[in-house]
Every structure is written in C-alpha cells, then in structure tokens.
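Me: I've got a structure to go through. Can you walk me through it in plain words?

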Amino acid sequence: MNPETSVVEVTLESDLKNVEVAEEITRRVAGTAGFDEDEQQRIEMAVHESMINAIWHGNKNDSSKSVWLQFKILRDRLEIRIRDQGKGFDPHNVPDPLDNENLLNVSGRGIFLIRSFMDEFKVENLNGTGTEVTMVKRLSPEIQTKQGGTDREHESHNTTS
Amino acid sequence: MSMKATIRQVDSVTVVDISGRITLGEGCTQLRELIRDQLGKGNKNLLLNLADVTYIDSSGIGELVSAYTGVSKQGGALKLLNLTKKVHDLLQITKLYTVFDVHDDEASAIASFSKPASA
C-alpha cells in the first residue's frame, strides 16, 4: 500500500437508514481529501445513489444482508467502492433519462447522476456473490499542490453498524 | 430529518411548504400521499415551496415528476417555488428545469395560476 494512501472501510447493515450514515462518512472523507463543499455534496450524492442501488435493488431491502464501503484517498483522487450481495446489473442497459421520451419517467436517474458527479464509474459482477461499484473523483491540480507536502498517515477502520 | 409539509390555501392555489429530505422511502411516500390527498379534495392548483428542502435524490426527483404528470392529467397545474441551489442544479442536469414552471417569488407564482398556460 502506498504510504500516502488513507483507507476507510465500513460494513453497514442493508437498511435504508444507513444511507445517511454512508453520507456522513462520505462528507468527512471527501473533506479530508480536500474537496470543497460543492464537490463534497456531489460525491455524497453519488454515494447516496449507489447505496440506494445496493440496498434497494441489489440486496432487495433484505436487512440480513450488508453493504461494504471502501474509501481510498490517494494523492490525486478519491476512490470509492460499494459492494452489495445482489445479482448485479448492466449500467449500459439503463435508458438515457435525458432522451425526450424518457424525460418524464419516474425512475432511472440514479446512475445518470452518479456519472454526472463522478469522473469514473464502473460496475463489476462478483461471480454471483454480489456487485461492486467503483467511483473515482479526481482532485484538481491546485488541491494536489496544496496538499502535496503532507504525507497521509495510513488508517483503516472496519466497523459494522 | 425526514420530510415535513404544511399546507395553506392562497386564493385558488394550495401552497405546500416542504422541508427536510425528499428521498427514497419515507420522504417520497409522504409526498405521493400528500399529492393524492390534495387531488382527492379537488385541489388541482398546487405550488410546492421547496425553500427548506435539504436533500432530494433521484427518487425524490421522480416523485416530483410523478406529481407533475398526475396533477396535469387531472387538468390541474403543479409549480415549484424557491428552489435551493442543490435542487436547481439537479433539475438543470436532468433537463427537468424546462419541464417544471419554476418561480422564486410567491406572489407572482400564485398569480401565474390564473393566467392561461402558454402554448
């Protein structure tokens, strides 16, 4: 592990109440990484939508299942992984919510918002054991320069809520 | 904080002051029931004041769309008032800002209900 990498890992019970817990952790991690308030809110929203997907669509709102989150602060970016125990989905099969014919659809904007707010987004099917979403938000060169002299102490938390 | 709503009548318009979170689960359910309830009472001119909405997610946006189409189908009108920057930005990137009739002044929003909709 790169000595300048900070890692936070959390395992949460698959319950909608824990979406706000994930949001709170995200705000703190994104703030620590150096993102400004607007960017923190966008990252928080991407995590919110991913948590909803994991709990509601992946784990089918089954509270005996769990959602695992990992936040990795690197010199130039924040990487977030969210893993559920569901059957997965193909993000390419989601209709474009900006098409005129879909504009008044009630659902189908979650993935679009994640893609809008993050720089990278990918979905991996874990051979029938779950689905892992990886999202990346890059730090601007200005923030990297500002934080460049500071070596980050490695820390890892693993908690279940 | 979950969603809270207070309802007041101004002329022929039902103004709903919403605060808190409109998200999947409780917030969306409350909004859906509120709209259904108002339509059931024959209140078809609805102005949603979103000034104190702290959070809205993709499901909340979907619920606003559902409310808009539901009210329109009943021959009424649903308009939005006092969007926060967050909600404004979300409606912009989802291209819904042009769908909703959005106001930032309550008096002009109320007045707009008595004007015929532009073609």
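Me: What does the secondary structure of chain A come to?
Reply: Four helices and six strands. Helices (H or I, at least four residues) and strands (E, at least two) are DSSP runs, numbered from the N terminus.

Me: Where do the model and the numbering come from?
Reply: This is a predicted model: local features need pLDDT of at least 70, side-chain atom pairs count only at pLDDT 80 or more, and totals for chains, interfaces and linings use all residues. Residues are numbered from 1 along each chain as its sequence is written, while chains are lettered from A and ligands numbered from 1 in the order in which they are written.

Me: OK. What pattern does chain A follow along the sequence?
Reply: β-α-α-β-β-α-β-β-α-β.

Me: Tell me about H1 in chain A. How many residues does it have?
Reply: H1(A) has 16 residues, 18-33. Its first and last C-alpha are 22 Å apart, close to the 22 Å expected at 1.5 Å a residue. The expected span is 1.5 Å times one less than the number of residues.

Me: Which of its residues are buried?
Reply: A:Val19, A:Ala22, A:Ile25, A:Thr26, A:Val29, A:Ala30 and A:Ala33. Buried means 20 or more other C-beta atoms lie within 10 Å of a residue's own, with C-beta atoms placed from the backbone.

Me: What covers them?
Reply: Strands E1, E2 and E3 and helix H2 of chain A are included in the cover.

Me: And what follows H1(A)?
Reply: A:Gly34, with a positive phi near 110°.

Me: New topic. How many residues of chain A are in contact with chain B?
Reply: 16 residues of chain A are in contact with 14 of chain B. Contact means C-beta atoms, placed from the backbone, within 7 Å.

Me: Which element of chain A gives the most there?
Reply: H2(A), with five residues.

Me: What about the largest nonpolar core? Which residues touch the most other members?
Reply: A:Ala46, A:Met51, B:Leu48 and B:Leu50, out of 66 residues. H2(A) gives the most to this core, with eight. Such a core is a set of buried Ala, Val, Leu, Ile, Met, Phe, Trp, Tyr and Cys residues joined through C-beta atoms within 7 Å.

Technical notes: Two residues are in contact if their C-beta atoms, placed from the backbone, lie within 7 Å. A residue is buried if 20 or more other C-beta atoms lie within 10 Å of its own, exposed if 12 or fewer, and partly exposed in between; C-beta atoms are placed from the backbone.
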